[in-house]
Each structure stands twice: as structure tokens, then as C-alpha cells.
Amino acid sequence: MFTSSSIILISLAYFALLLGVAKLGDKLLSFRAYANQHLQAIIYSLSLGVFLTSWTFYGSVGRASTSGLDYLGAYIGPILLFLLGHRVLYKIVLIAKHENIGSISDFISSRYGKSRRLAVLVTLIATLGLLPYIALQLKAIDLSYAVLTAQDGLRGTQADISVLVIALLIGIFSVLFGARQVDTSAHNPGMVLAIAVESLVKLVAFVTIGLFATYVINDGFGDIFNQLEEQKGSSLAAFDPFRTSFLIEILLGVIAVICLPRQFHRLAVENTNADHINTARWLFPLYMISMCLFMIPIAWAGSQALAGTSTNADLYSLMMPMAEGQTGLAILAYVGGISAAMGMVAVSTIAISTMLTNDIIMPFILHVRAVDVSQNKNLGRLLLNLRRLSIFAVLFMAYGYYLLIDSGTALVSIGLSAFVAVAQFGPPLFGGIFWRGGHVRGATVGLLAGFAAWIYCLLLPNLTGLLHLS
């Protein structure tokens with residue numbers, strides 16, 4: 001096992017690396033934005049990998065161990081969209097560029113006469129819907145910390161403090177490289193490069209663990225599936241591609257890869273050249289397939305290596321290397337896990353803070369005339385400061401939600417809840433693009449109805465369960 005101080009040092013070292021990468025990106029990419037479009041396209045495509053969070057790194061492996069190939073639903077949708085629906089993505093990027101869009105709330109409201117009420121509603125849904133999703137990333141950090149230090153995730157111990165420290169570091173990173181300009185449609189090349197590096201780190205970590213599970217613990221994919229075939233009752237081998245819930249998850253994945261605020265931010269706001277979609281069309285699906293390929297092997301190897309223990313299946317990616325005595329691989333798994341979590345939290349807080357300040361806070365301040373509009377410099381400084389404060393406010397709210405999450409709660413269940421929340425944005429977004437007859441009242445009523453159903457069916461039961469557990 002590792003000491004708490006060593007894990008914190010590893011986390012700080014990785015954070016320092018990201019700062020260095022972001023700083024380098026700001027210096028180099030800002031001046032060579034059009035010098036090497038192939039490199040720019042690759043960096044852009046890799047940054048879209050922020051879609052794969054700790055839900056993927058830990059939660060999908062846990063789900064694969066209990067539900068077999070059911071985990072694929074959330075990934076098949078995005079893969080199909082990028083492969084077959086790239087023209088839709090291209091159109092979204094072009095619209096965002098033409099209208100200087102800074103967020104998904106800005107985009108949706110712009111399709112319905114720039115309705116401020118619609119923008120506020122989208123912002124509220126996104127904020128409330130994504131707080132549990134951000135808390136999920138903090139929970140994943142807590143679980144991995146607890147495993148490496150053998151603290152069993154006891155709350156009130158150093159684990160909570162370490163998670164808070166990492167959350168604050170993410171907030172500092174987000175402020176330094178994602179909240180520096182008043183214009184929300186302006187690009188942040190350093191931030192994009194850092195997120196691309198994070199995507200690469202988690203890919204290398206996950207594939208390395210997968211290769212170890214496939215070719216060291218077992219004798220390849222054929223051996224694994226032969227073993228699964230011998231165990232007819234194994235949940236890993238069970239799969240029904242035509243089950244309604246599986247098809248719904250595919251649809252949710254299609255919507256989420258565009259409508260999650262962080263994904264829209266990566267896809268449209270930070271896009272410097274619409275033609276980069278042509279590279280993302282094949283590179284992003286390849287990235288996702290590479291991750292999905294090893295989930296069953298890791299789940300199978302984990303279930304074998306940790307048989308007879310009460311280990312949470314979500315932690316197989318981390319626990320399996322430790323059970324096999326692979327300390328270096330366990331550290332790589334930890335870095336990959338926090339990379340998956342940190343990237344999501346950083347981009348999500350930037351996207352949500354932008355929506356909160358632009359759609360709710362600043363309009364309210366201007367409405368009550370709390371500042372002099374004629375003082376443009378002061379107004380811009382105020383906007384930036386509010387955006388920075390909003391980043392930390394979102395992080396602290398997510399941290400509070402994290403403290404309520406029971407250690408036995410499955411990561412996938414929280415992630416799916418967020419997917420359902422942002423799925424409300426799908427109809428008004430696609431309708432606004434392809435249907436000229438859409439009206440702001442219809443979009444508003446649809447969002448309100450879907451939001452109310454989400455609160456009643458998912459948010460309230462989850463909160464009630466969490467409060468009961470606490």
C-alpha cells in the first residue's frame with residue numbers, strides 16, 4: 001500500500017505537468033494556430049476524449065463485470081454519430097462560429113430568437129443535472145485514493161481532504177487557463193492541449209491495463225471468451241442488443257456527446273477550424289473503440305484475481321494490478337483515473353460557470369443596475385471575476401454532493417442520470433437546426449416537462465436515498 005503523502009505528491013506532480021503543458025500550449029499554439037492544421041486537428045480530436053470520464057475508466061468496467069456488453073450502449077451512439085452524422089456536427093460548428101456562440105445555452109437560445117428565458121432554463125437544467133456527474137468524478141478520486149492507501153473510503157479522514165485539495169487544484173487550473181477572457185467564444189489553446197494530453201494519458205493507462213489483463217493474466221481475447229463460453233451463467237457473457245434500455249442508452253449517448261456542456265464547449269466553442277471535424281470523424285471513434293475493447297478483459301481478469309473478496313467491481317481497473325503485485329501499473333491506473341476525472345471537472349466547471357454568469361448573474365446585476373454599464377473595463381473585469389467565483393462555487397457544491405454519496409453507489413447510475421438530464425436539450429437543439437417551424441414556447445414547454453420528469457423520477461429519489469444514507 002501507499003502512504004497518503006505519496007499519493008498526494010503523485011497528484012501534485014501530475015497537476016504540475018498539466019500546468020506546464022497548458023502554458024506551453026498557450027505559447028506555441030496561439031502563434032501557430034494555422035501553421036500545422038494536421039496537428040491542430042489531432043489535438044482537437046483528442047480533446048473530445050474528455051467525454052470518457054471516470055465513469056468509463058472505472059464505472060464501465062464495473063458494469064461489464066455485472067451486465068456484460070450492456071456497457072456499450074453509451075459508446076455506440078457517439079461512435080455512430082461521428083462516423084455517420086459528421087455533417088450534423090459540421091453544421092453545429094459552423095453555426096457556433098457564425099454567431100460567436102459561447103455555450104450550449106447560448107446556442108439553443110439563438111435558434112429561438114435569442115430567448116433569454118430559454119437560456120436561463122437550459123443553464124438551470126445543466127447546472128442541476130451535472131452537479132451529481134461532477135461529484136461522481138470526485139467520488140472516483142476518493143475511491144482510488146482509499147484503495148491505494150487502504151483507508152476503505154472512510155469519510156472524515158485524509159481521503160476527503162485530499163479530494164478537496166484536488167478539487168481546488170482543478171479550480172485553479174480552470175481559472176488560469178479557461179477563464180481569462182471576457183469573450184466566451186475566444187479560444188484557449190493551452191487548455192485544449194492540456195485536455196488532449198489528459199485524454200492521451202488515460203488512453204495509455206487503460207490500454208496498458210487492458211493488455212496486461214488480456215495477454216499476461218490470460219492468453220489473449222480468444223482465451224477470455226472461451227472461458228466466458230464455458231461459464232454459461234456468467235453475467236459477462238450475457239447480452240441482448242435489442243433490449244429497450246440498451247437502445248435508449250444508445251440514443252442518450254448520441255445526444256450527450258453533443259449536449260453535455262463540456263462536450264459542446266470542446267466540439268463547437270474551442271473549434272478553430274470546422275474542417276477538423278473530418279479528422280475527429282475517425283480519430284474520436286477510434287479512441288473510444290480502443291477504450292471499449294479492453295473493458296471485458298479487465299472486468300474478467302479483475303473478477304478472477306479478486307474472487308472471494310468484497311471488492312467494488314468499479315475498482316477492478318485499479319485493484320487488479322495491485323492484486324497481481326504490479327505496483328507501477330497500479331500507479332499508472334491511478335494517474336489515468338484522476339486524469340479522466342480532472343479533465344471532465346475542469347471543462348464542465350468552465351462551461352457551467354460561463355452559462356451561469358452570462359445567462360443569470362450578469363443579466364440580474366444589469367437589471368438591478370448594480371454597476372455602471374458605461375464603464376466597460378470595470379464591467380469586463382467584474383464578468384471575469386464572477387466567472388472565476390462561479391467555477392469554485394460549482395466545485396464546492398459538487399463536493400458537498402460528493403460527501404453525500406454512499407460508497408456503494410454505482411458510478412454508472414450517477415452518470416446515466418446526468419445523460420438523461422442533458423437529453424432534454426436534444427429536441428430543441430436539433431429542432432432549431434433542421435426545423436424552421438420551431439417556436440420558443442414549444443421549446444420552453446418541452447424543456448420544462450422533461451426537466452420536471454427528470455426531477456421527479458431521478459433527482460428526488462437519488463437525493464432521498466442519499467439523505468437517508470447520511
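# Exercises: helices, cores and a loop serine

Helix H2 passes helix H9 in a left-handed crossing. The model you are looking at is predicted, and the exercises below walk through it piece by piece.

**Exercise 1. Describe how H2 and H9 meet, and find which residues make the contact.**

Start with the geometry. H2 covers residues 37-47 and H9 covers residues 189-217. Their axes come within 7 Å and cross at roughly 65°.

Next, list the partners. From H2, take Ile43, Leu46 and Ser47; from H9, they meet Val192, Leu193, Ile195, Ala196 and Ser199.

Finally, sort these residues by type. The contact of H2 with H9 has six nonpolar residues, two polar ones and no charged ones.

**Exercise 2. Is Val61 buried or exposed, and which residues surround it?**

Begin by placing the residue: Val61 belongs to helix H3, residues 54-67.

Then check the surface. The relative accessible area of Val61 is 0%, and the cut-off for buried is under 20%, so Val61 is buried.

Now look for its neighbours. Setting aside residues within four places in sequence, Val61 is in contact with Thr56, Phe206, Met295, Ile298, Ala299, Ala313, Tyr316 and Ser317.

Val61 and Ile296 are 235 residues apart in sequence, and their C-alpha atoms are 7.0 Å apart in space.

**Exercise 3. Explore the largest nonpolar core: which members touch the most others?**

First, the count: the largest nonpolar core holds 152 residues. The members that touch the most others are Phe51, Ile104, Tyr133, Phe173, Phe419, Phe425 and Leu429. Helix H7 (residues 116-149) supplies the largest share of this core, with 18 residues.

Second, zoom in on one of these members. Beyond four places in sequence, Ile104 touches Val122, Ile258, Cys259, Pro261, Phe264, Met355, Phe425 and Leu429.

Third, look elsewhere. Another core of five residues lies apart from the largest one, and its members include Met362, Ile365, Leu379 and Leu383.

**Exercise 4. Locate Ser115 and work out what its side chain lies beside.**

Step one is position: Ser115 sits in the loop between helix H6 (104-110) and H7.

Ser115 has a relative accessible area of 14%; since buried means under 20%, Ser115 is buried.

Step three is the side chain. One of its polar atoms lies 3.2 Å from the backbone nitrogen of Leu118.

Terms used
Residues numbered from 1 in each chain as written. Predicted model: local features only at pLDDT ≥ 70, side-chain atom pairs only at ≥ 80, totals over all residues. Heavy atoms only, no water. Axes fitted to C-alpha atoms, helices over the stretch in contact; angles between N-to-C directions. Helix = DSSP H or I, 4+ residues; strand = E, 2+ residues; numbered from the N terminus. Left-handed = near helix turned anticlockwise from the far one by under 90°. Contact = heavy atoms within 4.5 Å. Nonpolar A, V, L, I, M, F, W, Y, C, P; charged D, E, K, R; others polar. Buried < 20%, exposed > 50% of the residue type's maximum accessible area, 1.4 Å probe, protein only. Core = buried A, V, L, I, M, F, W, Y, C linked by side-chain atoms within 4.5 Å. Polar contact = N/O pair within 3.5 Å; in protein donor to acceptor, adjacent residues only side chain to side chain.
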